[in-house]
Amino acid sequence: MKSPKFLLPAAAAGILAITLSACGGGGGTTGGGGGDAEQGLDGRGPITYVQGKDNSNVVRPLVEKWNAAHPNEKVTFKEQTDQADQQHDDIVQHFQAKDAGYDVVDVDVVWTAEFAAKGWLQPLKDKMAIDTSAMLKPTVESGTYKGTLYAAPQTSDGAILYYRKDLVPTAPKTWDEMMGMCSIAKANNIGCFAGQFSKYEGLTVNASEAINSSGGSVLDKDGKPSLNTGEAKAGLENLAKAYADGNIPKEAITYKEEESRQAFQDGKLLFLRNWPYVYNLAVSEGSSKVKDVLGMAALPGKDGPGASSLGGHNLAVSVYSKNKATALDFLKFMTSEETEKFYATQGSLAPVLGSLYDDQALVAKLPYLPVLKTSIENAVPRPVTPFYPAVTKAIQENAYSAIKGEKTVESALSDMQKSIESASAGQ
Amino acid sequence: MSAATAATDLRAQQDRGRKAAQNKEKWAQGRTYVSAVVVLIWCLAPAYWMVVTAFREVGFTYDTSILPTHVTLDNFNTAFDTSFGNHFGQALLNSVFIGGVVTVVSLLIGVFAAYALARLNFRFKFLVLGFILGASMFPGVALITPLFQLFTNIGWMGTYQALIIPNISFVLPLTVYTMTSFFREMPWELEESARVDGCTQGQAFRKVILPLAAPAIFTTAILAFISSWNEFLIASQLSSDATQPVTVAIASFAGAQPNQIPYTAIMAAGTIVTIPLVILVLVFQRKIVAGLTAGAVK
Amino acid sequence: MATELGPTPVKSPASGGTPVHHGPKGVGEDNKILSQGKWATWLLAPTIIALAVVIVYPIISAIVMSFQKDAGLDPVTGLFTAGGPAGFQNYVNWLAQQCAAPGGGTVACPPGTLGGQFWSATATTFFFTVVTVTLETVLGFWMALIMARTFRGRSLVRAAVLVPWAIPTAVTAKLWLFIFAFEGIANKLFNTSILWTGSEWPAKWAVIIADVWKTTPFMALLILAGLQMIPADVYEAAKVDGATTWQRFRMITLPLVKPALMVAVLFRTLDALRMFDLPYILTGGANNTTTLSILVINQIRQGFNAAAALSTITFIIIFLVAFIFVRFLGANVVEQSGATGKGKK
């Protein structure tokens with residue numbers, strides 16, 4: 001009889017799996033873990049660095065450089081996928097298993113609070129403290145939760161207002177000024193302004209920018225929602241009104257970064273809110289119609305530069321790491337001036353050190369740096385909350401309805417407020 | 001009425017009928033061709049667009065000329081290029097490997113289960129059938145969290161077995177069902193006579209039933225392979241860069257710049273992924289249809 | 001082969017395919033069942049074990065989790081604390097759309113929370129299921145009827161039909177996303193400026209079109225297989241009897257294909273109820289295209305335990321639909337798997 005032969009391995013594997021899983025403990029998240037934060041502080045040895053896809057080949061050379069200098073404290077680079085959600089889940093699930101193999105992790109600015117509140121990130125204080133004085137303030141805020149720094153700013157990102165130099169001689173400073181220029185767009189038969197208004201993370205970014213730029217805020221200092229204010233209303237109303245009267249073209253409701261870039265490059269937009277990456281493509285791509293007429297400025301605000309939302313990544317040390325001394329050194333190495341410069345030259349990533357933005361050699365290579373500096377200096381981190389996934393959904397859902405005019409700005413904001421309250425009431 | 005006149009009448013009637021029928025036939029044939037062209041366009045136009053885009057320069061991604069313009073092979077290079085952190089070549093191998101193992105194992109296991117369900121009489125058969133049906137209904141999203149915990153605990157995250165085993169459970173019910181219905185239609189007299197000739201039930205199964213079932217097994221294998229090849233949800237959560245299949249690789253394809261979605265390279269990769277399946281399906285088209293006829297439906 | 005079998009009473013469907021052979025049943029029959037049972041155990045064991053590991057373990061695990069609270073925040077330390085037992089709270093969150101209130105207790109889930117989306121996601125899921133399965137059945141039947149005819153180029157059509165089926169769903173979704181882009185070919189071709197992914201009905205239709213394109217071929221193949229089982233002489237006889245095309249379709253084709261069709265419809269329905277990849281990649285669930293599966297995935301990031309409750313609810317819904325199909329609509333999957341015993345009931 002043939003069958004039993006290959007039943008056995010399968011059955012054995014199955015039984016093994018069941019038995020082992022019973023031992024492994026399961027269940028949801030647990031907090032605290034004070035003990036974990038105390039252990040391994042002086043540990044030195046090989047560590048693992050976890051980051052999303054190294055698309056522009058920045059991390060690998062850095063890791064090689066580090067390894068050449070530290071033969072006994074080698075860093076293994078674990079590369080995750082390119083998808084932010086998958087990176088997030090991967091980290092969550094490894095931390096939940098208290099995996100000591102994820103020593104240093106690269107966290108998106110919006111995950112910092114969540115991971116910190118779950119007790120997974122080593123507070124960067126006392127023995128583990130780093131010097132943040134040279135870093136741009138908003139980037140440091142994005143790594144701070146409840147007054148404690150949990151993650152070192154690594155790279156940053158801020159929004160830039162791209163505009164058509166040929167049609168608009170000087171960039172608008174304020175939102176109202178920009179709306180006033182929309183007649184120029186109309187005269188040229190193109191759309192006036194677009195950002196990213198599709199219902200996804202980019203909408204949270206754009207809606208927060210609108211609210212912050214007019215003096216409101218999504219969350220107050222204690223992390224409580226503060227959306228029932230006149231400022232917040234004025235901010236969101238700017239978007240809703242512009243969409244209703246056509247200054248934001250109808251199709252912008254489907255735009256993510258790429259669609260909006262494409263529209264701008266095709267010469268169909270007067271103003272575009274987007275990230276710095278657009279610059280290189282808009283001046284180099286064959287089909288770009290704005291090569292020679294591309295202007296850049298900070299986002300327009302209420303009566304000065306607007307408040308960009310902050311992108312970028314922070315570096316954090318896992319509380320479960322056994323070699324935290326090495327991890328800290330690596331963290332410092334990865335945020336050193338030399339490395340930050342390398343981020344900018346090799347990967348076109350925005351550095352977190354203010355001084356680099358004035359570096360003439362860098363500016364020659366990345367002409368948007370001065371504008372970006374203004375943008376980041378005035379930036380507001382996206383809501384720093386451990387309930388970020390729920391908060392961003394609440395913002396997206398309601399801002400989307402408000403912009404499309406399906407509900408009034410007031411009721412959208414009040415629903416946003418209630419949703420965030422409910423999420424942070426926790427159940 | 002004589003028999004002769006009756007016969008002539010009948011013949012005349014038949015002639016008229018034949019002419020009308022011929023006319024009707026022509027019409028029907030015409031309609032068939034029109035319908036066939038509609039079906040062809042409906043099925044192939046989007047795929048055509050994928051191929052055209054795959055051959056278009058990246059700077060002209062949103063060009064909407066129907067005919068190929070700005071033709072280039074660059075996108076295929078880009079698809080296999082690993083410098084942006086894409087591992088498409090590796091992912092292709094992974095998919096073939098995972099799909100192959102899943103198919104072989106599901107068939108090995110499933111054929112026996114199907115045989116038992118179709119041929120043997122035992123208690124709780126209804127229960128077993130219901131269980132397998134239930135298994136095929138279980139929503140995939142519900143598996144991810146618990147499976148992730150299980151695989152983390154036993155250190156299987158990002159390994160091939162972490163992808164193969166859940167896949168087997170998705171593909172297995174399909175295999176068992178297809179094979180069961182096929183086995184039910186088999187001429188069991190042959191097995192009986194083999195046993196009369198002194199074969200044991202096992203020998204009869206091996207020497208008589210399996211060869212007869214070959215077409216169905218083949219079809220089932222193709223169905224199983226395609227189903228595994230298409231799997232996305234589980235793989236997107238449980239794979240690592242080293243083991244991820246093409247579906248995940250393509251969905252997370254990165255461009256030269258952050259936020260850039262390299263549609264042309266994605267379409268090139270999609271074309272590459274689709275071609276082997278299309279060839280497989282074209283070559284074995286008759287067998288697939290024949291196998292389906294014998295197994296899944298009848 | 002099949003037609004040769006026709007007249008031979010191979011089995012009686014009532015006994016589940018067991019060859020009940022000539023000769024009276026007697027004492028031997030019991031022994032036979034016993035020994036066959038032992039055999040069956042060995043043959044079925046690998047399948048059962050494999051399914052148990054990856055299906056039963058998660059089901060139990062999910063049910064256990066669904067009665068646990070998700071972690072809440074300690075207001076002083078700002079750290080998460082374990083939630084503890086939740087009773088039916090997670091289920092109430094979804095079914096009654098009651099969310100946690102700031103001061104304790106619950107309030108009706110405001111728009112913007114996932115809890116507030118349960119019933120609309122359920123409605124969307126069923127809407128997608130009904131529309132796509134109906135369209136796929138009708139179109140699949142139509143395609144199958146065409147492919148069953150003899151004409152030059154028939155094999156070309158049969159091959160072409162398999163192309164959408166052979167493209168992985170994730171690729172399909174990316175492809176249609178590209179087609180339905182505002183600047184994309186769909187708007188260009190029909191000279192429209194529809195925001196396919198930006199407003200409710202176009203978004204829904206985008207998902208439906210992509211799904212129908214992708215899965216109709218499978219349906220058509222299954223139906224075609226059923227069609228080919230109908231002996232040509234049945235049609236000839238009907239023609240001679242003067243039956244019109246419509247009558248032949250209604251009186252012969254439909255009843256003979258029905259058992260196979262019901263099974264195909266059942267499986268497609270269960271698949272459609274789990275729809276995830278297509279709307280997830282195409283619309284991200286915006287504009288009322290959030291299906292139950294997408295809601296589960298969204299919730300996983302906000303709390304595993306509530307997500308476990310939702311996935312359990314989803315499972316029960318799907319199970320109920322399957323039950324209704326099998327029980328009342330005669331999709332006799334378990335007993336027959338589409339095997340009709342040559343039209344004998």
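A residue is termed buried if 20 or more other C-beta atoms lie within 10 Å of its own, exposed if 12 or fewer, and partly exposed in between, with C-beta atoms placed from the backbone. By this criterion, 56% of the 427 residues of chain A are buried. The model is predicted: local features need pLDDT of at least 70, side-chain atom pairs count only at pLDDT 80 or more, and totals for chains, interfaces and linings use all residues. Residues are numbered from 1 along each chain as its sequence is written, while chains are lettered from A and ligands numbered from 1 in the order in which they are written.

**Chain A**

Chain A contains 18 helices and 11 strands, where helices (H or I, at least four residues) and strands (E, at least two) are DSSP runs numbered from the N terminus. Its radius of gyration is 24 Å, close to the 22 Å of the globule rule for 427 residues, so chain A is as compact as a globular protein of that length. The radius is taken over C-alpha atoms, and the rule is 2.2 Å times the number of residues to the power 0.38. The C-alpha trace spans about 80 × 55 × 50 Å along its principal axes.

**Interfaces of chain C**

Contact denotes two residues whose C-beta atoms, placed from the backbone, lie within 7 Å. Between chains C and B, 83 residues of chain C and 83 residues of chain B take part. Helix H2 (residues 27–66) of chain C gives the most to the side of chain C that touches chain B, with 17 residues. Chain C also places 49 residues in contact with 49 residues of chain A. Here H2(C) again supplies the largest share, 10 residues.

**Nonpolar core**

A nonpolar core is a set of buried Ala, Val, Leu, Ile, Met, Phe, Trp, Tyr and Cys residues joined through C-beta atoms within 7 Å. The largest has 311 residues, of which A:Leu236, B:Ala116, B:Ile250 and C:Ile223 touch the most other members. Helix H8 (residues 200–228) of chain C contributes the largest share of this core, 16 residues. Not counting residues up to four places away in sequence, B:Ile250 touches B:Ile266, B:Ala269, B:Gly270, B:Val273, C:Ala170, C:Val171 and C:Lys174.
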